[in-house]
Amino acid sequence: MAMAASIASVWEGRLGIDAAVLELRRGDPDALSTLMARYQHRIYRYLLRLVRQPADAEDLFQQTWIRVAEKIRSFDTSRNFDAWLFALARNLALDHLRRRRPSSLEESLRGDSREDTMVSRLPSADPGPFEQLLARERAGRLAVALENLPLSYREVLTLRFEEEMKIEEIAQVLATPVATVKSRLYRSLAQLRQILEAGAGGEVRA
Amino acid sequence: MSRLDKHAEIREQLALFVAGALTADAESRVALHLATCADCSAELEGWQLITGGLRRLPTPQPPAALFERTRVLAMAQLAEHREQRRNRIVLMLLILFSWAVTLAGWPIFRFAAGGLFSLLDVNFRRTWLLFVVFSVGTWLAGGSAAVLLSLGRRHERRLA
């Protein structure tokens, strides 16, 4: 029995499947802690980009991990775990937005500044006080511009540039064809640039 | 293709070029053009500023207590699922065992009590039918009691 399990582990290891994911599928609680520690910042950031309110992101963060504990046995090990996890979080966030305000999924550009939410939570690791101030200002402006994009644009940008996901992985998370991801990526970058240029008097400053 | 058209075509692709979303062919075409075109290179810098900025956006920190709170909840969920799975397996095994004992026990008992011919007796066949009806009735009553008990336990868990 133990030998069969170890052969299975070696085989799954060769397929590149995360050991913690396999352990969690077998019901190991320590594996859940390991995965949570590894993904907590990424999942929280992704949820915050989607729903924009820290309190909502915290609720969804909890729901996501409870859902992981519930559904992990149905996770197909031939799939990418990151894509599965982010898709799970995304579905919960979309359900939440639908329940809260059905029209929020069809968001258009918003003019209101929301610096009290995300921007105020942005830490900075720049060295000098002046550089720190400049970097914070730039990052803040970009974060606000990002927040003002429609949901479908925000998520594709955060998955590509913050989560560093491949286009194919993003397509898995969003359950859309690769071509759609590319066109959405193009439109979101174009719109982000437009907002930044409008804010900076025609000059791009990220 | 005129030089102007070529510029327009390349510029259309610059955003996807910095996003790493072009095919290998298209990427090398753009790279080749950029090596000789100062205008498109300047345009590229604009896109690079944006994508570089996005990559460097600081990661919002979740509140310190959130991790532990979530971990406790998720662990409880995991334990509950594990328990449910184990209970299902135990229940199925018990049912199989009980049916096997019930079905095999009666003829064995008759055989032991009355010999081989008692199994062919007309009265035995009638008794056998009654026995089946009685067993099914008992099993249904037992099953209903088990369902009611599990519903009650779930309700208690929810209240807790």
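1. How many residues does the contact take from chain B, and how many from chain A? In this predicted model, chain B gives 32 residues to the contact and chain A gives 42 residues. On the chain B side, α1 (3–18), α3 (38–56) and α4 (64–114) each supply at least two of the residues that touch chain A. The largest share is that of α4(B), with twelve residues. Sorted by class, the side of chain B that touches chain A holds 19 nonpolar, nine polar and four charged residues.

2. Chain B itself has five helices and zero strands. Along the sequence the pattern reads α-α-α-α-α. Of the 160 residues in chain B, 14% are buried. Among the contacts in chain B with a separation of 6 or more, 44% join residues 24 or more positions apart.

3. The average pLDDT of chain A is 80, and 71% of the residues score at least 70. Residues 10–15 of chain A have a pLDDT below 50, and that stretch makes four contacts in the model beyond near neighbours in sequence. Residues 108–125 of chain A also have a pLDDT below 50, but here the model shows 35 contacts beyond near neighbours in sequence.

4. Two packed helices are described by the angle between their axes and the distance between the axes. In chain A, helix α8 (residues 167–174) packs against helix α9 (residues 178–199) at an angle of about 100°, and the axes are 9 Å apart. The angle therefore makes α8(A) roughly perpendicular to α9(A). From α8(A), the residues that meet the other helix are A:Ile167, A:Glu168, A:Ile170, A:Ala171 and A:Leu174. From α9(A), they are A:Val178, A:Val181 and A:Lys182. The residues of this contact comprise six nonpolar, no polar and two charged.

5. One residue of helix α9 of chain A deserves a separate look: A:Arg184. Is A:Arg184 buried or exposed? A:Arg184 counts as buried because it has 20 C-beta neighbours inside 10 Å, and the cut-off for a buried residue is 20 or more.

6. Which residues is A:Arg184 in contact with, leaving aside its neighbours within four places in sequence? They are A:Ser152, A:Tyr153 and A:Val156. A:Glu155 lies 29 residues from A:Arg184 in sequence, and the two are 9.9 Å apart in space, C-alpha to C-alpha.

Note on methods. Residues are numbered from 1 along each chain as its sequence is written. Chains are lettered from A and ligands numbered from 1 in the order in which they are written. This is a predicted model: local features need pLDDT of at least 70, side-chain atom pairs count only at pLDDT 80 or more; totals for chains, interfaces and linings use all residues. Two residues are in contact if their C-beta atoms, placed from the backbone, lie within 7 Å. Helices (H or I, at least four residues) and strands (E, at least two) are DSSP runs, numbered from the N terminus. Ala, Val, Leu, Ile, Met, Phe, Trp, Tyr, Cys and Pro count as nonpolar, Asp, Glu, Lys and Arg as charged, and the others, Gly among them, as polar. Axes are lines fitted to C-alpha atoms, for helices over the stretch in contact, and angles run from 0 to 180 degrees between N-to-C directions. Angles under 35 degrees count as roughly parallel, over 145 as roughly antiparallel, 65 to 115 as roughly perpendicular and the rest as oblique. pLDDT is the predictor's confidence in each residue, from 0 to 100. A residue is buried if 20 or more other C-beta atoms lie within 10 Å of its own, exposed if 12 or fewer, and partly exposed in between; C-beta atoms are placed from the backbone.
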